Structures are given as C-alpha cells and as structure tokens.
Amino acid sequence: MKYKEKIATEIIRMIEQDLCSISEICKSFKISRKTFYEWKKEKPGFKEAVEEAIDHREDVMIASARIGLKQLLEGYVQKKEKVTYVPDKNDPLNDVEKCRVVEKKFCPPSIRAIKYVLDREERKKDKDRLLASERRPLVIEVQDEETKRQLMILQENGFRPGGSLNAEVVAAVDRKLEEELKVKSEELKVKNGQDKVKEESAVAQQSDAPVEKSKVNLYPFLPPGYTSRTD
C-alpha cells in the first residue's frame, strides 16, 4: 500500500494515546504489519515520529505509575457516589434524580507498596556497591618476587590455569619484570644523585658560614661579673 500522510498521522496519534497495539492499528486502517514497518524503513520522518510517540506514551505510563504508587505509599481518599432515580411525574418515560449520597473512605498506605519501594532501594544500593567494587582496582600485596611472578603469569594468561606451561606467557611476564627492574634502578640512581647533591650543598653551606672567634679574657684574675675600667 502506498504511503499516505493522513493515515500516518492517525497511526502516530493512536500510538501516542496508547489506544491499540500495532497489529490492531494496522487492522483498523486495513494495512499489514509489513507495510507499517516498510513505511518506517522508507520514511525517516515517519520513523522518528513513531519513536517519539512511543517515548511519550512510556513517559505518561511511568508518570501514572508513580502517581499510583505515591497514593499507595501515603494513603488516599476513595470517593463513592450513590444516585437514586425515580420516574418523572411530568414525563413517566424518563427518570429524574431523587437524591445523591457521596461516601468518602480513607484507604491507608499499602504495606506491600512500601515494602516494594524499600526493597527496590536496597537492590539499587547493592548494585551501586557492586559497580563501585568493580571500578576499584584489585590490589594484592605479596611477600616475595616469585609469588608476584606467578600472579603476573596468571593475569597474563587471562586468569586461566596453565600459564606457567606457556612459554610465550612466561616470556612476556619476564620482560615486564625486567622493565620494572630497570625503571626501579634508574629511579634509585636519580634519588642517590639528588641525595649526594643535597649533602654537598649542606657541606658547602657549612664551610661558607663565618666562624665566631671566642673572646679572650684579658683579666682572668677578676671575679666573674667584674670588668676593668679600661674595657
């Protein structure tokens, strides 16, 4: 069937209002599901409008679900009306309203709904903790180099057994260890050089500092605290 803009507009409206399923919509317009999906494939504008209508429908449904859940959590007032009709004296074929009784009933919060929300929140926290643990790198402290080498072989082999029997895996790990050793050696040399420069600088500062000469007491025979008039 040839694409028609008017039919496409009505299809989008029915999808957005959630009146019928795709099969029911196609049946009401006397088109096949194949035709519907061919239109989506051939007409980008129609495809985009259908997807937007579906998104809008989902948003409305979620909003309605949230409102209903909120009422179950907080409690709500249920309104019930009872209307009594009697025959019309002036027109016996028709009825008229005699009285209207309105009853209001408070429905308390639902324990099941509260439990559902609390369980959902707990599952969300567990999921967040799991994701946080997965993002955090695994750190294993070892006591000797051989244990570290075996763990590196296990990691290099994709945490599968038998890595120590694979010559390529072992060679790759040994190369990594040699590179780490070279890096540590270079860092140690740099550190020792910096320490040596600091020591030489300290020695030079000490040698450049002025030396205070002790003052000679010209009158050693005088008691402590007394000086000569000539001072």
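Modeller: Start with the word helix. A helix here is a DSSP run of H or I, at least four residues long, numbered from the N terminus. Lys 40 is found in helix 3. Keep in mind that this is a predicted model.

Biologist: What makes Lys 40 a residue with no salt bridge?

Modeller: A salt bridge needs a Lys or Arg side-chain nitrogen within 4 Å of a carboxyl oxygen of Asp or Glu. For Lys 40, the nearest side chain of opposite charge is Glu 51, 5.1 Å away. That is beyond the cut-off, so there is no salt bridge. Yet Lys 40 is buried. It touches Phe 46, Lys 47 and Val 50, leaving aside residues up to four places away in sequence.

Biologist: Why is Leu 154 called partly exposed?

Modeller: Buried means under 20% relative accessible area, and exposed means over 50%. Leu 154 has 33%, so it falls in between and counts as partly exposed. This residue lies in helix 6, residues 145–156.

Biologist: What makes up the nonpolar patch on the surface?

Modeller: Val 142, Leu 151, Leu 154 and Phe 159 form it, with about 330 Å² of accessible area together. Members need over 30% relative accessible area. At 33%, Leu 154 passes that cut-off.

Biologist: Which residues touch the most other members in the largest nonpolar core?

Modeller: Ile 11, Ile 15, Phe 36, Trp 39, Phe 46 and Val 50, out of 14 residues. Helices 1, 2, 3 and 4 each supply at least two residues of this core. The largest share, six residues, comes from helix 1.

How values were computed: Residues numbered from 1 in each chain as written. Predicted model: local features only at pLDDT ≥ 70, side-chain atom pairs only at ≥ 80, totals over all residues. Heavy atoms only, no water. Patch = residues over 30% accessible without salt bridge, like charges linked within 9 Å, V, L, I, M, F, W, Y side chains within 5 Å. Areas by Shrake-Rupley, 256 points an atom, 1.4 Å probe, with all protein chains shown as cover. Buried < 20%, exposed > 50% of the residue type's maximum accessible area, 1.4 Å probe, protein only. Core = buried A, V, L, I, M, F, W, Y, C linked by side-chain atoms within 4.5 Å. Lys, Arg positive; Asp, Glu negative; His and termini not counted. Contact = heavy atoms within 4.5 Å.
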